[in-house]
Amino acid sequence: MSQAFCDTLRALTPWWVLPVMMIATALCSLMGSLFTKKVLNKHLAKAGVL
């Protein structure tokens with residue numbers, strides 16, 4: 001990436017974007033793992049593995 005692009009991106013992006021993105025990533029991964037756990041338990045119980 002060129003220095004001009006990095007400077008423009010930094011000028012346009014507020015300071016609070018990085019923490020919000022980190023929190024959103026953590027929440028989405030948690031929700032995805034809970035959903036996956038529920039689905040896998042359902043399918044494995046139906047198959048007789050659990």
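How many helices and strands does the protein chain have? Show it as a cartoon and you will find 2 helices and 0 strands; both kinds of element are DSSP runs numbered from the N terminus, with at least four residues (H or I) for a helix and at least two (E) for a strand.

Before you click further, note that this is a predicted model, in which local features need pLDDT of at least 70 and side-chain atom pairs count only at pLDDT 80 or more, while totals for chains, interfaces and linings use all residues. Residues are numbered from 1 along each chain as its sequence is written, and side-chain values use heavy atoms, with hydrogens and water left out.

**The whole chain**

Zoom out. Along the principal axes, the C-alpha atoms fill a box of roughly 60 × 20 × 10 Å. The radius of gyration is 20 Å, whereas a compact globule of 50 residues would have one near 10 Å (taken over C-alpha atoms; the globule rule is 2.2 Å times the number of residues to the power 0.38). Of the 50 residues, 2% count as buried, which means under 20% relative accessible area; exposed is over 50%, and partly exposed lies in between (1.4 Å probe, protein chains only).

**Helix H1**

Select residues 3–12, which form H1, and pick out Leu-9 there. Leu-9 counts as partly exposed, at 45% relative accessibility. Now draw a distance from Leu-9 to Val-49: the two are 40 residues apart in sequence and 51 Å apart in space, C-alpha to C-alpha.

**Helix H2**

Next, select 17–47, the range of H2. H2 has 31 residues and spans 44 Å from first C-alpha to last, close to the 45 Å expected at 1.5 Å a residue (the expected span is 1.5 Å times one less than the number of residues).

Within H2, stop at Ser-29, which is partly exposed at 46% relative accessibility. From Ser-29 to Trp-15 is 23 Å, C-alpha to C-alpha, across 14 residues of sequence. Leu-30 is also in H2 and is partly exposed, with a relative accessible area of 46%.

**After H2**

Which residue just after H2 takes a positive phi? Click on Gly-48, where phi is about 85 degrees. Then go to Leu-50, in the segment after H2; Leu-50 is exposed because its relative accessible area is 63%.

Finally, show the surface of Leu-40, Leu-44, Val-49 and Leu-50, which make a nonpolar patch of about 390 Å². Patches take residues with over 30% relative accessible area and no salt bridge, joining like charges within 9 Å and nonpolar side chains (Val, Leu, Ile, Met, Phe, Trp, Tyr) within 5 Å. A salt bridge is a side-chain nitrogen of Lys or Arg within 4 Å of a carboxyl oxygen of Asp or Glu. Accessible areas come from the Shrake-Rupley method with a 1.4 Å probe, and for residues only the protein chains shown count as cover.
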